[in-house]
Each structure stands twice: as structure tokens, then as C-alpha cells.
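Biologist: I have a new model open on my screen and would like to learn how to read it. Could you walk me through a few features?

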Amino acid sequence: MFKTRKKSIIIGVLLIIGLIILDQFTKKLAINLKNTEDIILVNNVLQLHYLENNGAAFSILQGKQIFFKILTPIALAIMSYIYINLSKVDKFNDIKLILVFVFAGAVGNYIDRIRFEYVIDFIYFSLIDFPVFNIADCYVTCCMFLLIILILFKYKEDDFDDMMKLIRPGKKHE
């Protein structure tokens, strides 16, 4: 049991590091777009557009950086706690993978907030005039969508009970 849990945690940490590196690398490239014309990838569909976002998704909570600087570490601690406790069983590997991507996305945007006081966004889906976003946002958004699918179609009430037994503080687990 310990080897499986330890291996799961190591793999999770390595994936998080890789995902953060990818996010930060793309943002470093995106800085070159600052003060330039948009780069059209697919005409009237997808383009690269540099934007400094002082808020959260869809630019909500503009200018509330202190809120994000306090909330993000708390959310990361909660996700870490859940991941470590879910690592006791293989049944929740898909949930653990979702946590890895959401964690990496949160850290990627947190790094920007600490370094710049804003998040670098650069992907614009112009077909539907979707707000400009970045790779870290993709991690979080896609995983939330997958989580909803898992909740609706894969996991049953007993599975949620099992999950709560694993993550409930102060309970002894086998």
C-alpha cells in the first residue's frame, strides 16, 4: 500500500512540475505578443492576443489580487490534502489526475500574480468571442468539465461515501 501511495504522489508532483513548466513557457512566449498585432492561427476562429488579466476567469474580480494571493495557497493546501488521501486507493485515479491539472493551473496563474500582479492571457477563440485565456486556464476549465462528467456518469453515491471516508480529517483508514 505504501509503495503505491508514494509512487502516486511522486508521479503527481512530476506531472504538476511538467504542466507548470509548459504553462510558464507558453506565457514567456506570449510576452513577445505585447504591443503587436494579433497572430491569426485560424481566420475568424482562433488567434493569439496578448492580455494582462488583473482578475480571475472571464476577468471577474478585477484588481482583487490580494484575494487571489490568499485564496490560492489555501486551495492548493486543500487539493494536496485530498490528493494525498485519495492516493491510498486506485479507485480514484481519474479524480487524482484532475487534481493534478487543477493544481498546476492554479500554480501557473499564481506565479504570474506574484511576479507581475496580473495573469498573462493570450489565446483568443474569436469564433464565439470567448474571453482571452491561457494554458493554465485550459487545465482548470477542461478538468472541471471532466469532473462534472465523472460525477454524472461514473461515480455513484457509494463512491462518494468511500471518498469522504478517505479525506475526512481524524478518521483512521485501512
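Modeller: Happy to, and let's start with a strand contact: N53 has V119 in β3 as its bridge partner. This is a predicted model, where local features need pLDDT of at least 70, side-chain atom pairs count only at pLDDT 80 or more, and totals for chains, interfaces and linings use all residues. Residues are numbered from 1 along each chain as its sequence is written, and side-chain values use heavy atoms, with hydrogens and water left out.

Biologist: How many bridges join β2 to β3, and which way do the strands run?

Modeller: Two strands pair if DSSP finds at least two bridges between them; strands are DSSP runs of E with at least two residues, and helices are runs of H or I with at least four, numbered from the N terminus. Here six bridges link β2 to β3 (residues 119-125), and the two run antiparallel. β2 (residues 46-53) is also antiparallel to β1 (residues 39-42), with three bridges. One of the partners there is L48 in β2, facing I39.

Biologist: Now the rings. How many aromatic pairs are there?

Modeller: Rings of Phe, Tyr and Trp (its six-membered ring) pair if their centres lie within 6.5 Å; planes under 30 degrees apart are stacked, over 60 edge-to-face, and the rest tilted. This structure holds six such pairs. Among them, F116 and Y118 are stacked, at 5.4 Å centre to centre with 20 degrees between the planes. F92, Y155 and F160 form one aromatic cluster.

Biologist: Is Y118 buried or exposed?

Modeller: Buried means under 20% relative accessible area, exposed over 50%, and partly exposed in between (1.4 Å probe, protein chains only). Y118 is buried at 15%, whereas F116 is partly exposed at 22%.

Biologist: Which ring does the charged end of R113 sit over?

Modeller: The rule asks for NZ of Lys or CZ of Arg within 6 Å of the ring centre and within 35 degrees of the ring normal. For R113 the ring is that of F68, with the charged end 4.2 Å from its centre.

Biologist: And where is L71?

Modeller: L71 lies in helix α2 (residues 65-86) and is partly exposed, at 40% relative accessibility. As a last stop, N93 belongs to helix α3 (residues 93-116). The C-alpha atoms of N93 and S8 are 8.9 Å apart, although 85 residues separate them along the chain.
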